[in-house]
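Here are a few exercises to work through with the model open in your viewer. Try each one before you read its solution.

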Amino acid sequence: PKSTSIDIVQILRKAKRFSVLIRLLKTTQLINQLNSQLLTSGSGGLTLFAPEDSAFSKLKAGFLNSLSDRQKVELLQFHTLSSFISISNFDTLTNPVQTQAGDDPKRLQLNVTTFGGSQVSMATGAVNASVTGTVYTDNKLAIYQVDKVLLPLDLVLPSEAPAPAPGKAKGASPKTDKTKSGADDGAAGGDSDNGDNKDLPAEASSAGSVSFKFGVVAFVFGVALMGEAVV
């Protein structure tokens, strides 16, 4: 079948203006997954938005190198739709269009607008881009050239995920220590409250007891002497 002979890298290489995109597809090994999807029976095909080399050159210096492997995969998946869309059918899509990167409407939004049935523009919240040509199309795969790299907001906005984690860890530790400390203090306080001399040292408490006993003995002895004197 014709679909078995499709190779995305070969198609891009033949166009001679997608060397950066080819390198990213190969280093992330995402190309293997995309080619496999094209061969899968029942697959709805693929649509790939391909930024040419001049589009990557418009990015901030060092941007691609600053991305982790996961972020590079996400960037490429954001340029890929899990179905074949002909240039005349973009107006049938519902915004935000779901890409292979995910369906987060805030951080992975891709909104498509069509003009006259053949002009297509896209907005990600970070960049506005346009389809500037068709690189390849059949009934299984469509590759469209775009004039800018489609940057999802997820790679531009500050990361939200790691923010709560340190706060939770920080808050939990002192609370645990405080609870433990409070329990220890309560236990110590409970032991202390059981006695009448909680504010006195042991020596003072003992001395008070001896003094009291000595006073009683002296009193009894004095009463006995007085009794003898009267007699």
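Predicted model: local features only at pLDDT ≥ 70, side-chain atom pairs only at ≥ 80, totals over all residues.

Residues are numbered from 1 along each chain as its sequence is written, and side-chain values use heavy atoms, with hydrogens and water left out.

**Exercise 1. Work out the order of helices and strands along the chain.**

Start with the count: there are eight helices and six strands. Here helices (H or I, at least four residues) and strands (E, at least two) are DSSP runs, numbered from the N terminus. Now walk along the sequence, and you get α-α-α-β-α-α-α-β-β-β-β-β-α-α.

**Exercise 2. Find how β5 pairs with β4 and with β6.**

Strands pair if DSSP finds at least two bridges between them. Take β4 (residues 119-123) and β5 (residues 128-137): they run antiparallel, with three bridges. One to look up is S121, whose partner in β5 is S130. Four residues sit between these two strands in their hairpin, and G125 has a positive phi near 95° there.

Next, go to β6 (residues 141-146), which is antiparallel to β5 and joined to it by five bridges. G133 has Q145 in β6 as its bridge partner. This hairpin has three residues between its strands.

**Exercise 3. Is E74 buried or exposed, and what does it touch?**

First place it: E74 belongs to helix α6 (residues 69-77). Its relative accessible area is 8%, so E74 is buried; the cut-offs are under 20% for buried, over 50% for exposed and partly exposed in between (1.4 Å probe, protein chains only). Then list its contacts (heavy atoms within 4.5 Å). Leaving out residues up to four places away in sequence, E74 touches A101, L108, P152, D154 and L155.

For the whole chain, buried residues make up 32% of the 231 residues. Of the contacts with a separation of 6 or more, 66% are between residues 24 or more positions apart.

**Exercise 4. Which elements line the largest pocket?**

A pocket is an open set of points on a 1 Å grid over the protein atoms alone, where a 1.4 Å probe fits, with protein on both sides within 12 Å along at least five of seven lines; lining residues have an atom within 4 Å of a point. The lining has 14 residues, and R23, L24, L64, N65 and K72 lie nearest the centre. Elements giving two or more residues are α2 (19-27), α5 (63-66) and α6. With four residues, α2 gives the most.
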